[in-house]
Amino acid sequence: MATDTITTKTVRVADHREPAFQHVDDIAAADERIAAYRARHGGRKPNVLVVLMDDVGWGDFGCYGGGVAVGAPTPHIDRLATAGLRLTSCYSEPSCTPSRASLLTGRLPMRHGLQRPPMYGEKGGLQGEVTLAELLSTAGYVTQAVGKWHLGENVESQPQHVGFDDFYGFLSVSDMYTEWRDPYFFPEIVYSEERTKWIENQPFNKCFVHATRGAALENVEEVTIPVLSRLDDMWATYSIAFLRRMAAEAQPWLLYHCTRGAHFDNYPHERFLGKSPAKHPYKDTLIELDDIVGRLVETLRATGQLDHTLVFVSSDNGPEMETWPDAAYSPFRCAKGSTWEGGQRVPGILAWPGMIEPGRASDGLFSQMDLFPTALALAGADDTAPEDRYIDGVDQSSFLLAPDGASNRKYLYYWLGRTFSALRVGEYKFMMASISDDDRDVLNPGGFTGVSQKYPYGRLYNLYLDPKETRSYLIRKLAYLESFQSGARNHLATFKKYPPKVVVGL
Ligand code: CA
């Protein structure tokens, strides 16, 4: 049932947990649904499939207004959205690594310390954090990670040491494997023997790898450009084999499938090359990603696992505009790297036949961090979340499972590295600092290129009237000021008891 998000109070159940709404009717409806599910299936816990895409925009999919309109139809993803819940205010962090670490730990980058991506073998990763994979593993799940990792190359931060039984993918990010091999981008390396040798000797892994829990990883194949174009296909095949295998097992599972695409630079698989109406590498890649979602969902259906699986499809950040036109589409302001909506508002589709009402759409706030407590709750393992650290994620199981459930999240906090940037509540976003994407001071508008700026009085945007965040509404809306400021103050106060951490900082 819808309640007013600005005036309704939240409940803080413990010092280390983010306060949340307690929608009593939704909770009762969801409890009833989950109890019936467990009774029907002998206490079975649901599987969790996360398909996390890379740098795919809020507007890319047909069900978000993209698809055919932007030269890349996405029928499989659109069908999945129709079968479940389409979130219009699903949020990532501003870039790859911070988002991925937040999704797996339920914690903001200021807590897990990965405030920007480690690049080219740079030290630092997920080590020391408690992941969803580890907790679900303790709860009896088989845990599989496939595809992009980018949460640290150091041994302690590798997937098989932070909760995953098996990993098949690469440790870093797409461009790092290929940009220096492509004469279009790096002629000064490709055509220089000295520089080619120099980069080959840099201490980062140039292969995609396989690893099993606790063991040393092994290189599968060096990621040259032709290999890169086949990665998403190979990774999908690996995940499909996992799903088929698990159909015969009694154990529930977590599959964390992270695609290579559509991060720059895109070299489409030959089956998809030139196949999108746009005929552009980014768009060709997008139709392959849609095809992969279709293959994964079809495998679940064909093996009788679809009714037992919560599927979440999302992207780790907004468009990378510094590489345009190899870039996503978003109707919002600015891009990846920024705390404008264009940086953090991403597609979010949740489906679970028989459990999530089909055809729903909601603008309720949902952070990818919320998956952590939500998946634990659905697994009946919410009491296993760590108590020695702050958890920013909010249990959204009643939002998902109640037929017309409302979000349990009141505030969305935006952090630009170590700078507190903004807070959203309802349709309002109160901003204290941001990256400027003003074309007078940014040559190529994008989140990583801009200058940082602070607003001494703050700025207020109404995201319903002004989704592009162009006009501060603050002076006409001062009645809200104290409530937004106190929301920010209470959030910042949590860092006194739970001090911030910096592993890879900004
Ligand atoms: Ca990304």
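This is a predicted model: local features need pLDDT of at least 70, side-chain atom pairs count only at pLDDT 80 or more; totals for chains, interfaces and linings use all residues.
Trainee: Why is Ala-361 called partly exposed?

Mentor: Ala-361 has 48% relative accessibility. Exposed would need over 50%, and buried would need under 20%. So Ala-361 counts as partly exposed.

Trainee: Where is Ala-361, and which residues does Ala-361 contact beyond its sequence neighbours?

Mentor: Ala-361 sits in strand β10, residues 360–362. Leaving aside neighbours within four places in sequence, Ala-361 is in contact with Leu-85 and Arg-86. Its C-alpha atom is 8.9 Å from that of Thr-82, 279 residues away along the chain.

Trainee: What makes the calcium site irregular?

Mentor: Start with the donors. The ion is coordinated by Asp-54 (OD), Asp-55 (OD), Cys-96 (SG), Asp-316 (OD), Asp-316 (OD) and Asn-317 (OD1), at 2.2 to 2.5 Å. The cut-off for calcium is 3.2 Å, so these atoms count as donors. Now take the angles. An octahedral site with six donors needs opposite donors over 155 degrees apart and all others between 65 and 115. Here the angles among the six donor atoms run from 53 to 158 degrees.

Trainee: How are the donor residues of the calcium ion spaced in sequence?

Mentor: The pattern is D-D-x40-C-x219-D-N. Asp-55 lies in the loop between β1 (47–53) and α2 (75–83), and Asn-317 lies in the loop between β8 (309–315) and α11 (341–344), so this pair ties together parts 262 residues apart in sequence.

Trainee: Are Asp-55 and Asn-317 buried or exposed?

Mentor: The buried limit is under 20%. Asp-55 has a relative accessible area of 2%, so Asp-55 is buried. Asn-317 has 0%, so Asn-317 is buried too.

Trainee: Cys-96 is also in α3. What makes α3 mostly covered?

Mentor: Ten of its ten residues are buried. Among them are Cys-96, Arg-100 and Thr-105. After α3 comes Gly-106, with a positive phi near 70 degrees.

Trainee: How do you know that Thr-178 is buried?

Mentor: Thr-178 has a relative accessible area of 0%, so Thr-178 is buried. Thr-178 is found in helix α6, residues 174–178. Beyond neighbours within four places in sequence, Thr-178 is in contact with Val-223, Thr-224, Ile-225, Leu-228 and Tyr-267.

Trainee: Why is the pair Arg-33 and Glu-357 called a salt bridge?

Mentor: The rule asks for a side-chain nitrogen of Lys or Arg within 4 Å of a carboxyl oxygen of Asp or Glu. In Arg-33 and Glu-357 the closest N and O atoms are 3.0 Å apart, so the pair qualifies. The pair links distant parts of the chain: Arg-33 is in helix α1 (residues 24–40), Glu-357 is in the loop between β9 (345–351) and β10, and they are 324 residues apart. Glu-357 has 30% relative accessibility, so Glu-357 counts as partly exposed.

Trainee: What is the N to O distance for Glu-129 and Arg-107, and are both buried or exposed?

Mentor: The distance is 2.7 Å, N to O. Glu-129 lies in the loop between α4 (109–112) and α5 (132–138) and Arg-107 in the loop between α3 (96–105) and α4, so the pair ties together parts 22 residues apart in sequence. Both Glu-129 and Arg-107 are buried.

Trainee: How many salt bridges does the rule find in total, and how many across the interface of domain 1 and domain 2?

Mentor: The count comes to 24. Across the interface of the two domains there are two. Asp-363 and Arg-424 form a salt bridge at 3.1 Å between the closest N and O atoms.

Trainee: What describes the interface between domain 1 and domain 2?

Mentor: Domain 1 is 24–406, and domain 2 is 416–497. Their centres, taken over C-alpha atoms, are 27 Å apart. In contact are 26 residues of domain 1 and 30 residues of domain 2. The two bury about 2,300 Å² between them, 52% of it on carbon and sulfur atoms.

Technical notes
Residues are numbered from 1 along each chain as its sequence is written. Side-chain values use heavy atoms; hydrogens and water are left out. Donors are N, O and S atoms within 2.8 Å of the metal (3.2 Å for Na, K and Ca); water is not among the atoms, so sites may look incomplete. Four donors count as tetrahedral if all angles lie between 85 and 135 degrees; four count as square planar and six as octahedral if opposite donors are over 155 degrees apart and all others between 65 and 115; anything else is irregular. Helices (H or I, at least four residues) and strands (E, at least two) are DSSP runs, numbered from the N terminus. Buried means under 20% relative accessible area, exposed over 50%, partly exposed in between (1.4 Å probe, protein chains only). Contact means heavy atoms within 4.5 Å. Domain bounds come from an automatic or database domain assignment. Buried area is the accessible area (1.4 Å probe) that two parts lose on being put together, summed over both.
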